[in-house]
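Have a look at the picture first, then read on.

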Amino acid sequence: MANITLNINNKEYQLDADPQMPLLWAIRDMAGLKGTKYGCGVAQCGACVVHMDGEAVRSCVTRLSRAEGKKVVTIEGLSETNNHPVQQAWQQVDVPQCGYCHSGQIMSAAVLLRENPNPSDQDIDDAMAGNICRCGTYLRIRKAIHLAAEMQQKTAKG
Amino acid sequence: MHLPLSRSNLLFYPHPYHTKMSLSRRNFLKVSGLTGTMLALGYYWKADAKDAEIIKATDAEDFGVELNAWVHINTSGKVTIFSHRAEMGQGVYQAIPQIVAEELEVNLNEVNVVFAKGDNKKYGSQITGGSSTVRTAYKNLLNLGATAREMLIQAAANKWNAPKTDCYAEGGHVYHRPSKKKLHYGELVVEAAKLEMPKNVVLKKRSEYKLIGKPLPRLDTWMKTNGTAVFGMDKEIPNMLYAAVERNPRLRGKVKSFDDSATRRIPGVKDVVKVKMGVFSTYREGVAVVADSTWAAMQGKKALKVVWDDSGFEHLSTDVIYKRMSEALKTKEGLSFKKQGDPNIILKYAQKKLDVVYETPYQYHACMEPLNCIAHYQGDKLEIWGPIQAPDWVQDFISKEMNIPREKVIVNMTFLGGGFGRKAFMDYPHEAAEISKAINAPVQVVWSREDDATQGPYRPGMMYRCEGVVKNGEIDAFKVRLAGQNNDHWRSGKKGEPNRSASEGFLKPYYETIKNLSISDVPFETPIPTMWWRSVYASTNGFAYESFIDELAIEAGKDPMEFRRMYLKDERVQKLIDKMEEVSGWKSRKQNEGYGMAITECFESTVGQVVKVSRNADGKVKIDHLWAVMDCGWYVNPDTIQAQVEGSIVMGIGAATIHQVTFKDGKAVDNNFSTYQMPRINDIPPIDVYVMDNEEQAGGVGEPGLPPLAPALTNAIYDLTGKRIRKLPFNLAEV
């Protein structure tokens, strides 16, 4: 065990934890932020995606020691009022069914849109193929990412 | 999932009627967390009545009955509706309020939805399966909303001393037409609650609906975009510990001994206990590691050394299972499910006949939220929180297994991160309850993905032998024998009857036109636990029946769509076929395009799908487009239907072309998504969904979109390539 300081959503957390523990469990069980999900534990499903210094990472395989000193953003910290363009698009298109995978989907999509403000279907498929949705909301994910891109561009121009 | 037809088949089927137990309104409000003066209505079933009766909460005690599907309106006009069913993505959280609010005349943003606790004496059956919530409850819910509305209108009329006919309700208010005065529902509930219940309220016509039939956004979406929706995995209760359990990888069997010395050295590990959980009629054993975090519990589990006693049951492998099914179908006639005419005689003397075998794999539910459950054992009572599809079954099961009075077992539903049938099982809550009792503390048991994937129960693997004769362009004989595990037999231990789902998926109008037909079930057992999987036997039967119809059509030299028109004389099905033809461009197909279709029936709804395939530049077959037409009769939300059909198709693509559960030496081989591959965004073609408009009895929505996918796809591949695929899953890239 070791003393570890984590910055999650601009808040400092002092943890006494195993540095080998995946970031996912610190976020969920220690910081109590339950929006980030456990799906597979082996970086296959994307339910646990968070941002670490702006990059999308799979928190289920990211050791705590690697997250120390970095800025971690979870779904709870993506926007103040559930109004990031991706979140708004998800709401307009009514993407989620069970909803369990969508924290990860949204966090992945947010990075895609930052790096590629106008992605094609192929770009979306490439960027989102790491996120499984068992309810099969994929077509709506594609549609919502296009919509979010439009919204983002309007905001940028506006 | 399948709602039992015969109650005696099942050990734990809830009693559908309500016993005469009194419920005091005060107690109910206390339990439900609602306070204050309000109008509260529910409905109840008289033991001898077919239809539910609506009753006021204040009268429930006098009547000595239990109410269900409560609607409450408080003095600020806020409406609370209890959902007695689980929300696992299928949209019940939206459908129930959308139905009630329509007749109640309130805006959906005035409605708050609360999950009811498990109690089938109060809420009726809560098993969320068989795509049954709307189709079984909608008439009662409409009546409930309308009754409350009429009472509120009457209350306003009384206040204004005006005739009721001059008043009407809209948007949570009652208006007085002549004077344009209005009162908010909140101002009327006290008065309304004192009124007599109106009888025979008039329901709106479908053309008058403002909410029903509209693609309104789901009420739970916003919580699912900012991480605030609470799934079982997210629930926390004070002083809760975490547990991970090492269970027998051979699905059955017992713990012989275990060494926990390494486990106990792991920081955070608090205790290690042996645990037993009921799996319907059998038990499964494991060793639970209890810790102060999920991670520590999982680490502790890895360090365990368990010796299993695997005696007393066979350690099977997939090839052996299918070889035995195949042998059985070669030699046995099986138990007759349906017989008309004499197909055997025709087959015996036919010069030419089709005799083919279809094969479908075992499947894993693979909910994105692995199983988990919180239990808090407190001596004389037990409370459960979790992603649970059948809270009332959990209550009954645990009460019986742990000898705790039923009313002292409190079962709370959270949101479910997928269910698909798996979370209608009582094993994981029971296990959590036993661990909590053993350690005398509240505990959350978290299943790893590997636990979830390798422990079953699974959709049973099936084999179908289909024989047929075509004469003069028509079906002269049609004979289907199926072999595969029977979920009912496995659960109840009762054998000797054919699988009651032997024709699930097959359209009934075929019985009217195929004169010589037989369907039988060749009983088949393994020690592998099996369970409902989305659309249940229709998901496998549909592949066999609708592939075989296609083969017969081709044998008859007929266009597969025309052939189905010939045999499916039902008016609704004819309209459905017309729609399929219209939207898919079936007739205007080009060369180098393969078109396939299938129509199946599942939980009172009929779905037809057309699949278009072609070859990539590299020669590999790809799915270009999918059209689905759903006839589910009276429906609530077309956007939900579209979403459910899209999702069913995606799940169908996975089961047809990507994954299967295989067994080796009695163990499930694939334990995570690295080898148990899932359909991903790049596997999904464009899908167009159409919903038939009619006012027939409502059918299911969550499952019926799945069964037609596999046969429509393989029929399309045959059309393109001349290659008939009879075994699932198959690899599209290798066709």
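In this predicted model, helix H3 (residues 85-93) of chain A packs against helix H4 (residues 102-115) of chain A at an angle of about 125°, and their axes are 9 Å apart. Helices (H or I, at least four residues) and strands (E, at least two) are DSSP runs, numbered from the N terminus. Axes are lines fitted to C-alpha atoms, for helices over the stretch in contact, and angles run from 0 to 180 degrees between N-to-C directions. H3(A) and H4(A) are therefore oblique to each other; angles under 35 degrees count as roughly parallel, over 145 as roughly antiparallel, 65 to 115 as roughly perpendicular and the rest as oblique.

Which residues of H3(A) and H4(A) meet? A:Val86, A:Gln87 and A:Trp90 in H3(A) touch A:His102, A:Ile106, A:Ala109, A:Ala110 and A:Leu113 in H4(A). Being in contact means that the C-beta atoms of two residues, placed from the backbone, lie within 7 Å. Sorted by class, the contact of H3(A) with H4(A) has six nonpolar, two polar and no charged residues. Here Ala, Val, Leu, Ile, Met, Phe, Trp, Tyr, Cys and Pro count as nonpolar, Asp, Glu, Lys and Arg as charged, and the others, Gly among them, as polar.

Chain B has a helix pair to look at too. Helix H19 (residues 638-657) of chain B and helix H20 (residues 709-721) of chain B pack with their axes 9 Å apart, at an angle of about 60°. That makes H19(B) oblique to H20(B). From H19(B), the residues B:Ile649, B:Gly652, B:Ile653 and B:Ala656 meet B:Leu709, B:Ala710 and B:Leu713 of H20(B). The contact of H19(B) with H20(B) has six nonpolar, one polar and no charged residues. Here are the two pairs in a table.

| Helix pair | Angle | Axis distance |
|---|---|---|
| H3(A) and H4(A) | about 125° | 9 Å |
| H19(B) and H20(B) | about 60° | 9 Å |

Next comes a sheet. Seven strands of chain B form an open sheet in the order E11-E12-E9-E19-E16-E17-E18, with mixed pairing. Two strands pair if DSSP finds at least two bridges between them. At the edges are strand E11 (269-279) and strand E18 (409-413) of chain B, each pairing on one side only. On average, neighbouring strands of this sheet are turned by 25° against each other, direction ignored. E11(B) pairs with strand E12 (residues 282-291) of chain B in the antiparallel sense, over ten bridges. B:Val275 has B:Gly286 in E12(B) as its bridge partner.

Finally, how many residues of chain A are in contact with chain B? There are 46 residues of chain A in contact with 46 residues of chain B. H6(A) gives the most to the side of chain A that touches chain B, with four residues. The residues of that side of chain A divide into 23 nonpolar, 14 polar and nine charged.

A note on conventions: residues are numbered from 1 along each chain as its sequence is written, while chains are lettered from A and ligands numbered from 1 in the order in which they are written. In this predicted model, local features need pLDDT of at least 70, side-chain atom pairs count only at pLDDT 80 or more, and totals for chains, interfaces and linings use all residues.
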